[in-house]
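Thank you all for coming.

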Amino acid sequence: MQAKSLLLTGGALLAATSGALASGFQIGLSGQKNIGMGGTGTGLYLDQAAQFYNPGAFAFVGYSSFQAGINMAVPRITFRPEGGGTGQETLQNKNVFPFNGYAGFKVNDKFQVGLGAYVPFGSELHYGHGWTGRYTLTDIKLTSVYVQATAAYAITPQLGIGAGLVMLAYGDVDLQRDIPLQSQNGTTAHATLSGKADHKFGYNVGIMYKPSDKLSFGASYRSAIDAHVSGGDVRVSGIPAAAASSFTATNFSATLPLPDVYSFGVGVRPNDKLTLAFDANLVRWSKYQALNFTYTGGVLGGAGVTSSSSVRNYKDAVALRLGGQYKVTSGLSVRAGGFYDFACVRDGYLTPETPDADRVGLTAGFTYEFSQRFGIDGSFLFEDFRQRSQSQADLVANGTTDRVAGTYKTTISVPGIGVYVKF
Amino acid sequence: MKAFPALALLGLAGCQADIDAPSASAGSANFSRYIAIGNSLTGGTEDGGVYREGQLNSYPSMLAQQFALAGGGAFNQPLFTEAQANGSGYLRLAGFTATGTPITSAVTTNLAIRAVTPTVVYTKYLDRVDNLGMDGIKLADIQTANFGNVSPARAYSDANFNAYFERITPDGSSQTYFQRVKAEVAGTTNTPAATFFSCWLGNNDVLAYATGGGAVATRAITRTDTFNLKAVRIINALTANGAKGIVSNIPDVAGIPFFNTVGPSARALLAAANVPTAAPFVYTTGILAPLQPNTRVNTTLASVRSAGGSEPLLLTLTAAPYVSLYGQRTGKYWRDFYAQARPGLPAAIPNLSVFLATLQVDTTQAFGASSGNPFPSTLVLDATEQANVSAATTAFNNSLQAAASAKGLAFFDAYTYFRSVAAGPSVINGVNNSAGFITGNLFSLDGVHPTPRGYALVANEMIKAINAKYGSSVPQVNPTSYRGVLFP
């Protein structure tokens, strides 16, 4: 009933995975057990995903295994333009599937090495056909896959350190929007920018200290990587012949900063069955100040305009996470958690590609171990973004009129499943 | 246990996030029958003509569509039929010259022209009409008898006759526009009384003078006392039965592309051709008509308004075909003027050479650069004429505002709004909108009337004023879903 009235009153419906579990366009679905515990993982070790969450904790994993997980992010985003506008009737809800996989090897009691692949950043949105902001963005698909080689060493039974070499192994971007240029035969011009990111390296480091069996502390850092696309393709369609000379660009280049993250965590085991975890993350989004494109010719802004700059002005963002795990039987563990994540996008700077907001997440999960060697992990995440508005006056005041005034509201549900094999 | 969370949460995932939206309401207004009073802007004229697409995208049509969300009823416009969709004909963009000057061409198919003699008339429309926007009407015209009656002997373009009013007026009726408005306000057995109105009249009382370069005797600025009297009269008539409404004032005509396109492009082209700005520019000022002396002004090209400049002379969009002839020994303008004037010329002017002699024009001299072959005042709005326009606009707007506030009506300050548009581009939903010709998205190819997107912004400004005045909550339209200029 509410969904119907929304269609009538002018909501634009769209699909996104943007920002599942973390601010901005972080994804953070990097370990199924961790997802079930509110995204914690810095102050304890749950499995080989410690390579991502805290390579120092990885030193204590103590067995060799392979694990893989996949998630289905089911986003629901609604937009209502300022002043009401007209109804947007077409919706393109699309699910996306961030994955993670790790292999960890116990070299000896002190030394553990591993390989992992995960999707730390990404976004995919397909706005409804003809939506209010179609001249700012109609579609975005942003994918990044990191692979990581990790080594961790337990200096003492209480103190572990680890480091990983991280590579942006695969990155691609596909941005589309309509161009406000209509032809007499009824077509609207449309531009697509797509390209692959260069391979780039980064690292992560971590430390874990376990003063007792009941308590552990961890800290980790993951470096920033500037995802750079050079020689991306510019494709335009539906350009009226009389305006074609303004659209000569065939290639573009752009840089998207993927920020560094500081994490601190505490793990508590009051008894053999119960584990509690607390994490705090600081994501250095403030390095994302502007999105700049350069083109090999004229595009979007006319023949003489070969670059564009759009203000982002992100701020550093903190996330606070809490999770618990309870071992019901020797084979079954259940998990629950929650988090509160502060937006990295300031008021009046919201863009259609990242309709960020402060959000609350609730998570649940379980592990069922069929044997000593094989088990499955299930997880579920539900995330509720605070409704967020910006007015045309805000946009004018901030110099951010390249986006739309209105209200965004997002929820995301992410069921996920993983398997692991110990050997 | 295993299946439970996944299933429950998949259920949650199906729910669309919901935004609380204020529901549309009329507040203290009543939109059950809305009527629109006005001129070409209200009728939806664009691209120099009245045609079906423009009518469908008129701001009253948009308002009525939004009012319908808040209790508004049917809104009937005198639409041209699909078969005669091109109505009066209009301009379309055909392309650009090598130097970037736009080329327009006239659409002449599927017209709704019923006859061309003694004057042009269109296919009749005698059903209920809620949009009374009549292209060309001045506020001064509202009490002109036989304004929609073609039967009295009519000259080719008789200022006391309006072909669009003729369309909606039964044959032989001498009804004035004012009488028609009163009849619509009162309602009939089949048509309810009007409960809400918009009134945007008065533009042509000054625009007709300005677009004619202040050179056409029959297009004089309306006297302020006449304007004031008729403004009060029409507002009184509209509110006689207690209807509420919105009154708009008139924009500064000097801010429209009609006056700000050709001067700057001519300056740029002449500069590119290495013509010095000190080169002579000779134009006539005041009335330009055969058998009447005309005054010539000797100045230089430096007086012509350049892009972003403040030089005194504004060239009209209608000057576009002639500016490139500057400095040539040509009589093109004068031949065109003769062809246009010919049906009304007295027997004393039997041919072109006599016509030229009475105007004291020698077409063997350099056009626009010599006093023998001056640039005609019909294509120039000089400082004196601009001052006349500005003074009249201010006086008319004072009358309109006083008449509106006397009745406690909502008011759309179009003067201020269009000044802000002219001052610089505003970006709405990621689209640059400005007063630039063709590239600005807001003004159509005639340089005077908005595009559908321009009309959408007007509708939104009116909705804001209505909501503020009557405590209503009428949603705005989405301007980006309406087109700007269409390109070939």
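What you see is a predicted model, in which local features need pLDDT of at least 70 and side-chain atom pairs count only at pLDDT 80 or more, while totals for chains, interfaces and linings use all residues. Residues are numbered from 1 along each chain as its sequence is written, and chains are lettered from A and ligands numbered from 1 in the order in which they are written.

With that in place, please look at the loop of chain B between strand E4 (113-115) and strand E5 (121-122), where Pro118(B) lies. The peptide bond that leads from Thr117(B) to Pro118(B) is cis, with omega near 0 degrees. As background, most peptide bonds are trans, and most residues other than glycine have a negative phi.

Asn429(B), in the loop between strand E14 (426-428) and strand E15 (431-433) of chain B, has a positive phi of about 50 degrees although it is not a glycine. Asn441(B), which is found in the loop between E15 and H16 of chain B, likewise is not a glycine and has a positive phi, here of about 70 degrees. Are these residues buried or exposed? I call a residue buried if 20 or more other C-beta atoms lie within 10 Å of its own, exposed if 12 or fewer, and partly exposed in between, with C-beta atoms placed from the backbone. Asn429(B) has 27 C-beta neighbours inside 10 Å and therefore counts as buried, and Asn441(B), with 29 such neighbours, counts as buried too.

Let me turn to the sheet in chain B. It is an open sheet of 5 strands in the order E6-E1-E7-E8-E13, with parallel pairing, where two strands pair if DSSP finds at least two bridges between them. Strand E6 (131-133) and strand E13 (410-412) of chain B are the edge strands, each pairing on one side only. Within the sheet, strand E1 (residues 34-38) and strand E7 (residues 196-200) of chain B run parallel and are joined by 5 bridges, and Ala36(B) has Ser198(B) as its bridge partner in E7(B).

Which helix lies across E1, E7 and strand E8 (244-248) of chain B? That is helix H8 (residues 224-239) of chain B, and H8 runs at about 170 degrees to E7(B); axes here are lines fitted to C-alpha atoms, for helices over the stretch in contact, and angles run from 0 to 180 degrees between N-to-C directions. By contact I mean that the C-beta atoms of two residues, placed from the backbone, lie within 7 Å.

Helix H4 (residues 59-67) of chain B is mostly covered, with 8 of its 9 residues buried. The cover over those buried residues includes E1, helix H2 (40-43), helix H3 (52-56), E6, E7 and helix H16 (452-470) of chain B. In H16 we find Ala459(B), and leaving aside its neighbours within four places in sequence, Ala459(B) is in contact with Tyr59(B), Met62(B), Leu63(B) and Val477(B). Ala459(B) itself counts as buried, because it has 27 C-beta neighbours inside 10 Å.

One helix pair in chain B also deserves a moment: helix H7 (residues 203-211) and helix H14 (residues 383-406) pack at an angle of about 170 degrees, with their axes 10 Å apart. Asp205(B), Val206(B), Tyr209(B) and Ala210(B) in H7(B) meet Val389(B), Ala392(B), Thr393(B) and Phe396(B) in H14(B).

Finally, chain A, which has 5 helices and 23 strands. Of its 423 residues, 54% count as buried, and the C-alpha trace of chain A spans about 75 × 50 × 35 Å along its principal axes. Strand E13 (residues 251-258) of chain A has a covered face, formed by Phe252(A), Ala254(A), Leu256(A) and Leu258(A), and an uncovered one, formed by Asn251(A), Ser253(A), Thr255(A) and Pro257(A). Strand E12 (residues 225-237) of chain A pairs with E13(A) in the antiparallel sense over 7 bridges, and Ile225(A) stands opposite Leu258(A). E13(A) is also joined by 3 bridges to strand E16 (residues 290-295) of chain A, again antiparallel, with Ala254(A) opposite Phe293(A).

How values were computed
Helix = DSSP H or I, 4+ residues; strand = E, 2+ residues; numbered from the N terminus.
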